[in-house]
Amino acid sequence: MRIVAALADRQRSVAVDVAAMIANPEFKPNECLLNETFAEGADAVAPYVFVEPIVAGMTDRWIELCDEVRKNHMEAYKASRIALGMSSETVFLQRTPNGDFGIIVIRSADMGAVFKGMMSSESEFDVWFRDN
């Protein structure tokens with residue numbers, strides 16, 4: 001089941017508004033669901049931030065998925081992210097009047113390799129994560 005929706009035309013402006021909101025240094029997201037550092041000096045790497053709308057009615061499932069990673073798959077999650085070349089990853093939930101959004105902040109010296117690996121990795125965790 002896909003939890004994060006593709007951006008539709010009408011949602012693009014909402015996502016841009018949310019992205020502008022998180023660029024504000026005083027921004028405080030509603031909930032931090034995951035916050036892990038995998039390499040020393042992660043803060044020295046520029047962050048890649050993306051905002052995705054969560055399909056209406058699927059926010060609870062999205063939170064459950066993050067909880068499941070934290071409670072049952074943390075070692076595999078960390079191993080996955082290290083293998084992908086991430087320095088850190090933080091996942092936030094932002095509730096807005098226009099719907100709920102996942103805000104994901106990834107730090108890596110090679111974001112291209114991270115995204116390529118996320119889509120092609122055959123590790124048990126990565127396959128499970130993509131399927132959920």
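Where is the place of Arg107? I found Arg107 in strand E4.

**Basis.** I worked from a predicted model, in which local features need pLDDT of at least 70, side-chain atom pairs count only at pLDDT 80 or more, and totals for chains, interfaces and linings use all residues. Residues are numbered from 1 along each chain as its sequence is written, and side-chain values use heavy atoms, with hydrogens and water left out.

**Sheet.** I looked up the strands (E, DSSP runs of at least two residues, numbered from the N terminus). Four of them, in the order E1-E3-E4-E2, form an open sheet with antiparallel pairing; strands pair if DSSP finds at least two bridges between them. E1 (31-37) and E2 (47-53) are the edge strands, each pairing on one side only. I noted 7 bridges between E2 and E4 (residues 99-108). Pro47 has Arg107 as its bridge partner in E4.

**Arg107.** I list Arg107 as buried because its relative accessible area is 17% (buried is under 20%, exposed over 50%, partly exposed in between; 1.4 Å probe, protein chains only). Leaving aside neighbours within four places in sequence, I found Arg107 in contact (heavy atoms within 4.5 Å) with residues including Asp43, Val45, Pro47 and Met86. Its side chain reaches the backbone oxygen of Val45 at 2.5 Å.

**Helices.** I then turned to the helices (H or I, DSSP runs of at least four residues). In H3, Ala76, Tyr77, Ser80 and Arg81 meet Phe125, Asp126 and Phe129 in H5. By class, I count 4 nonpolar, 1 polar and 2 charged residues in this contact (Ala, Val, Leu, Ile, Met, Phe, Trp, Tyr, Cys and Pro are nonpolar; Asp, Glu, Lys and Arg charged; the others, Gly among them, polar).

How values were computed
A polar contact is a pair of N or O atoms within 3.5 Å; within protein, one must be able to donate a hydrogen and the other to accept it, and residues adjacent in sequence count only if both atoms are side-chain atoms.
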